[in-house]
Amino acid sequence: MSSSDPSRTELPPKYYLDYFGYVLDFVQKMYGHILNKNEEEFLRSYHALSEDARCLFIRFSNRRGAFFRINTLAYAEICDIPDALTELIQNGFAEVISEQHAHRAPEVLNLFSKPELLLLTQSLAPVIMPPKTIHKPDLMRWLLHEYSFPVLFEAIEALDPIVKVGYELEVMMMKFLFFGNRHADMTEFVVRDLGHVRYQSFDEEQLSVRFATRQDADDKLMISLTKETFHELKEELPPEEIYDWFMNWQGGLPEELSAVALPSFRQLVLRVGAWLERRKLPEQALTVYQLTDHAPSRERRARLLHRLGDTEEALALCDDMEAHPQNADERFFALDFREKILNKKKRATRRTTQALQAAESVGIPINFRYRVERGVIEYYQERGYNALFSENEPWRALFGLLFWDIIYDTNVQAIHHPLQRVPSDFFLPDFYFKRHSMLKARILELGRKEDIVAAVETTYAEKFGISNVLVGWYPELLAAVRAVVELVRPTQLHAVLLEMAANLRENTRGFPDLLVWNEEEYAFVEVKSPTDHLSARQLHWQHFFADLGVSSKVLRVVWVKDNPEQEMQEEDNKNPIE
């Protein structure tokens with residue numbers, strides 16, 4: 001699209017100034033009571049800067065890294081960059097590189113290209129010049145090994161002066177308080193204003209704080225930063241040292257970690273445990289997994305305990321999972337693994353495998369081997385059936401469209417800023433606990449197919465294109481949802497929706513691949529190629545649908561090379577759905 005295209009949205013030159021100012025004002029309003037003295041001083045000093053100085057500071061803060069080459073600064077909307085930079089340095093918003101930055105020397109060297117670093121090396125007149133074919137990371141390590149930072153600093157200054165942005169911690173906290181996490185950033189404003197994403201609109205007076213106390217914010221941020229540290233360290237240190245580092249870190253945590261930070265802590269524990277397990281440290285992985293009972297911790301511990309010879313403890317975990325499964329994986333694993341442990345001499349077949357082996361099969365031309373579901377769709381269409389893709393999306397959209405206002409209800413106190421796409425409790429048990437009465441009341445209003453269709457179509461028209469964690473706006477979406485509603489009885493739909501609501505992280509996945517139907521019958525079909533496996537979630541929905549009386553089945557595909565019609569004569573005489 002050309003720049004002269006009238007339909008193109010153009011952002012004002014200093015768009016980022018408005019965005020950053022909005023974030024600071026929002027944080028001051030919502031979290032002013034938990035800010036520390038340094039953050040309060042940052043806010044006061046920032047507002048005292050000239051507009052150009054604020055713009056340059058934001059440009060620094062929005063870029064990756066904390067160090068910048070002065071001679072490469074070029075921003076057309078800033079009238080006098082040297083003056084703005086001088087003002088930032090005088091007021092502590094930037095600082096000239098010095099020996100106090102020695103511990104961050106790799107960041108400084110990384111500002112330069114390999115040819116520039118070779119030029120810098122040449123200026124130092126080494127006894128032996130590294131080869132020109134050396135990789136940049138190796139060249140950086142060589143420089144840091146051969147020369148002290150003061151020597152490198154002097155050579156760098158001659159090549160291109162460097163400055164470091166100030167108030168790093170304070171700006172990080174401002175953004176963290178606004179977004180509630182470390183992965184969202186200021187580009188959220190850009191994609192909104194360019195029209196790439198439409199957000200659900202909220203009354204800002206109804207937004208709630210994500211962090212009620214300073215401990216909430218500090219604990220959550222600490223876990224987030226530790227995740228980032230782990231990602232870096234695992235590329236540098238041996239597994240044994242990673243284990244020691246992590247156990248020392250977690251040993252220093254507060255006795256009661258903030259409830260806001262607990263989900264992130266559990267995720268980190270599971271991530272570290274899985275990494276240690278992959279690195280062949282079973283005992284260390286087991287120790288880490290024991291820090292949480294959240295799935296898949298109990299499953300991994302049962303496997304490791306059995307491998308390490310502690311059969312009784314492994315069986316006890318299986319009993320616990322069978323009695324109180326957190327998801328379908330735990331439910332079926334507990335049954336299968338118990339059987340495996342007790343039947344030492346007999347190879348146990350998993351229930352997912354048993355279900356797949358018991359499924360009927362159908363011959364499909366082998367040219368569909370990379371589009372197996374499409375091949376099955378054509379198989380049914382050739383026999384007079386309608387067919388569409390139904391894996392997850394129609395069910396997720398049905399939930400999202402029927403309960404849109406309940407999902408994003410600000411009274412539940414899970415919406416904390418105006419660019420939020422996912423409620424903060426969406427993947428937690430709190431989602432259902434806080435909304436179960438509203439969900440059930442809505443279901444009572446949707447007793448007939450006509451009521452459900454009308455509600456879906458109304459929300460679809462009103463919200464079309466607006467970001468919703470469950471609704472993907474693809475062209476066939478509405479038709480797919482309508483087909484599901486027309487074929488499945490309202491009471492059955494209600495039960496499926498409540499099952500989804502009980503665990504949105506797990507139960508919005510695993511739905512059958514296809515929906516096929518004609519005037520007399522329908523079926524949801526889970527399609528499996530010869531190399532596919534049936535997952536526990538998929539088996540869960542097969543069982544759940546069977547208990548409800550919803551027609552559903554698993555279908556194994558057998559590849560047919562030549563003339564499929566000749567080899568499938570018997571199939572033609574059978575009902576494809578039964």
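Which residues are buried in helix α15 (residues 297-307)? They are Ser-297, Arg-298, Glu-299, Arg-301, Ala-302, Leu-304 and Leu-305. This is a predicted model. A search of the whole structure finds 36 salt bridges and zero disulfides.

- Glu-299 is one of the buried residues of α15. Its relative accessible area is 14%, and the cut-off for buried is under 20%, so Glu-299 falls on the buried side.
- The side chain of Glu-299 forms a salt bridge with that of Arg-300, at 3.9 Å from N to O.
- Just after α15, Gly-309 has a positive phi of about 95 degrees.

**Helices α13 and α14**

- The axes of α13 and α14 come within 8 Å of each other and cross at roughly 170 degrees.
- Angles over 145 degrees count as roughly antiparallel, so α13 and α14 are roughly antiparallel to each other.
- On the α13 side, the contact is made by Val-269, Leu-270, Val-272, Gly-273, Ala-274, Leu-276 and Glu-277.
- On the α14 side, the residues are Gln-284, Ala-285, Val-288 and Tyr-289.
- By class, the contact of α13 with α14 has eight nonpolar, two polar and one charged residues.

**Helices α20 and α23**

- Helix α20 (residues 393-402) packs on helix α23 (residues 449-463) at an angle of about 80 degrees. The axes of α20 and α23 are 9 Å apart.
- Angles of 65 to 115 degrees count as roughly perpendicular, so α20 is roughly perpendicular to α23.
- From α20, Leu-398, Leu-401 and Leu-402 take part in the contact.
- They meet Ile-452, Ala-455, Val-456, Thr-459 and Tyr-460 of α23.
- The contact of α20 with α23 has seven nonpolar, one polar and no charged residues.

**Salt bridges**

- Arg-338 and Asp-319 form a salt bridge, with their closest N and O atoms 2.2 Å apart.
- This pair links distant parts of the chain. Arg-338 sits in helix α17 and Asp-319 in helix α16, 19 residues apart.
- Arg-338 is partly exposed, at 23% relative accessible area. Asp-319 also counts as partly exposed, at 36%.
- Arg-104, Glu-107, Lys-164 and Glu-168 are linked in a network of salt bridges.
- Lys-164 counts as buried at 8% relative accessibility, whereas Glu-168 is partly exposed at 31%.

**Thr-226 in helix α11**

- Thr-226 belongs to helix α11 (residues 214-233).
- Is Thr-226 buried or exposed? Its relative accessibility is 7%, so Thr-226 counts as buried.
- Not counting residues up to four places away in sequence, Thr-226 touches Trp-245, Trp-249 and Leu-268.
- Thr-226 and Trp-249 are 23 residues apart in sequence. Their C-alpha atoms are 8.9 Å apart in space.

**Glu-188 in helix α10**

- Glu-188 lies in helix α10 (residues 187-193).
- Glu-188 counts as buried, at 16% relative accessibility.
- Leaving aside neighbours within four places in sequence, Glu-188 contacts Phe-179, Tyr-199, Leu-419 and Arg-421.

**Cysteines**

- The whole structure has zero disulfides.
- Cys-79 is in no disulfide, and the nearest cysteine sulfur, that of Cys-55, is 9.1 Å away.
- Cys-79 is exposed, with a relative accessible area of 72%.
- Cys-318, in contrast, is buried, with a relative accessible area of 1%.

Terms used:
Residues are numbered from 1 along each chain as its sequence is written. This is a predicted model: local features need pLDDT of at least 70, side-chain atom pairs count only at pLDDT 80 or more; totals for chains, interfaces and linings use all residues. Side-chain values use heavy atoms; hydrogens and water are left out. Helices (H or I, at least four residues) and strands (E, at least two) are DSSP runs, numbered from the N terminus. Buried means under 20% relative accessible area, exposed over 50%, partly exposed in between (1.4 Å probe, protein chains only). Contact means heavy atoms within 4.5 Å. A disulfide is a pair of cysteine sulfur atoms within 2.5 Å. Axes are lines fitted to C-alpha atoms, for helices over the stretch in contact, and angles run from 0 to 180 degrees between N-to-C directions. Angles under 35 degrees count as roughly parallel, over 145 as roughly antiparallel, 65 to 115 as roughly perpendicular and the rest as oblique. Ala, Val, Leu, Ile, Met, Phe, Trp, Tyr, Cys and Pro count as nonpolar, Asp, Glu, Lys and Arg as charged, and the others, Gly among them, as polar. A salt bridge is a side-chain nitrogen of Lys or Arg within 4 Å of a carboxyl oxygen of Asp or Glu.
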